[in-house]
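Please walk me through this structure, from its domains to its sheet and its ligand surroundings.

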Amino acid sequence: MPDQPSPAPGRSGPDSCPGAIQVHPARDGGLARVRVPGGVLTGDQWQAVAEASADLGAGGLELTSRGNIQIRGLAAGAEVPLAERLSAAGLLPSVTHDRVRNIVASPLSGRDGRGVLDVRPLVADLDAALCADAALADLPGRFLFGLDDGRGDVAGLGADVGLRGSTVLLAGRDSGLRVRPGDAVAALVAAAHAFLAERDGHWRLSELDDGVARIAARLGAIPPGLPAARPVSWGPIGATPQVDGRVAVAAAPPLGRLSPAQARVLCGAPSVVVTPWRGVVVPDLPDEGFLATLGEAGFATDPDSPWVGVTACVGSPGCARAHADVRADAITHHSGHPSHGLPVHWVGCERACGSPAGEHLRLEATPEGYVTL
Ligand code: SF4
C-alpha cells in the first residue's frame, strides 16, 4: 500500500485503509483505492476507471502491489459520483465488503500453459463468496488472499491466506491442508473465518503469535514447518504466446504510475490484468503489435528496462510525512543508484510504505538527504 502511512504492526486502532467509498484525505486531495480481484478488468471497466480519474480526480492512475488501482486528487464529495460510476461498471459489487476484496492471482494463469490449475474461476468465486458472507466484512482492509496457479509467482507475496496449486498457504507457509479446486474457495473462506476468530485487533495473520499453527488447527491441519515461499521480484514484461494461439503482452509504467495519456492507451484493450508488480498484462491479442504501442507511450516493455523492479511511495506533495518528492527524485536519479540486481524502492520517510515483499534496496529520504538501506 504505497500511499498511506502504514500503522505499527500488531494491535491497532480503526482500520484506515482507503477504499472506493472510504476515501483517504491525502495532502493532494482524496485518495480512492479501487479493488480489482485478481487484477482483472474488462476493457470497459478500465475505461471507466480512467475516465473517472480524469473527470473527478487528478487524472492518471496508480497501480498497487496488490493489483489494485488508485485515483488521487479527488475533490470533497467526489466519492459519491465515483462510487456510482464504479457500481455501474461492476467494480463495486458490495458497499459493505469494498475494502476486503483483496485478491492477488497469477496474472497469466490459464493462458500461457504454465501452472497446474487455472485460478481465474477461483478469483471470481472467491470474490463472490467474500461478498456474500456478512461476517467477512469485518476482515481488516490489509488482509490479503493470494491465488497462485502453482508456478510460484504469487505464493511469496505475503498473502494471509492463499493457494499454491492444491496447497493452502497461511502467511505464505504450507498449512498442511490440500484441497481440490472445487473445494478451494470454501477452504480459503474457512481460513479467513479462523483468522477473525483468533485475531485481537491484529491486521495480518503474520502478526498473530503462532498464527499459522493456530489457524491450521482450526482447519484440522498440521503445518509441516516448511519455510515460507520466496517472493518473486518482478512480474511478466514483454510478449507471451498463449496456448490458444493468441498473445499476451505485459508492460510496466515507471513507478507504477500512469499518466492520463498512458491510461487512455489501454482503453482500447479487450481486457487488462493489473499485476502485483505494478504492471499490466493485456491478454488475448492477435499478435504482439500492441507492445510497441505501449513502449511508445512510455511503458517499460523489455525485462532489461531500468524501470523494471523500481517502485516508490507517493512522497511529497501527496504525503505530509514525506521528506522529499521521491517520485521526481527517482525519475531523475534512478540510473545513478546501483541495485545489485535487487528491486529498488524509494520512500519519503522511515515508514517505507509499499515496500516489496522480499529482499530489496531501499532509498529513504531523511531531513539530511537520502540514505540507502
Ligand atoms: S512519505 Fe512515508 S508515510 Fe508517506 S507514503 Fe512515503 S513512506 Fe509512507
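The paragraphs below take up the domains, then the sheet with its helices, and then the ligand.

This is a predicted model, in which local features need pLDDT of at least 70 and side-chain atom pairs count only at pLDDT 80 or more, while totals for chains, interfaces and linings use all residues. Residues are numbered from 1 along each chain as its sequence is written.

The protein chain is divided into domain 1 (103–218) and domain 2 (310–372), with bounds that come from an automatic or database domain assignment. Taken over C-alpha atoms, the centres of the domain 1 and domain 2 regions are separated by 30 Å.

An open sheet of mixed pairing is formed by five strands in the order E6-E7-E8-E9-E10 (strands are DSSP runs of E with at least two residues, helices runs of H or I with at least four, numbered from the N terminus; two strands pair if DSSP finds at least two bridges between them). Its edges are strand E6 (103–105) and strand E10 (173–178), each of which pairs on one side only. Within the sheet, strand E7 (residues 145–148) and strand E8 (residues 161–164) run parallel and are joined by four bridges, and leucine 147 has leucine 163 in E8 as its bridge partner.

Helix H3 (residues 120–131) lies across E6 and E7, running at about 175 degrees to E6, whereas helix H5 (residues 211–218) lies across strand E9 (167–170) and E10, at about 10 degrees to E10. These angles run from 0 to 180 degrees between N-to-C directions, with axes fitted to C-alpha atoms, for helices over the stretch in contact (C-beta atoms, placed from the backbone, within 7 Å).

The ligand is surrounded by 14 residues, the closest being Cys313, Cys319, Gly348, Cys349 and Cys353 (a residue is near if its C-beta atom, placed from the backbone, lies within 6 Å).

Terms used:
Two residues are in contact if their C-beta atoms, placed from the backbone, lie within 7 Å.
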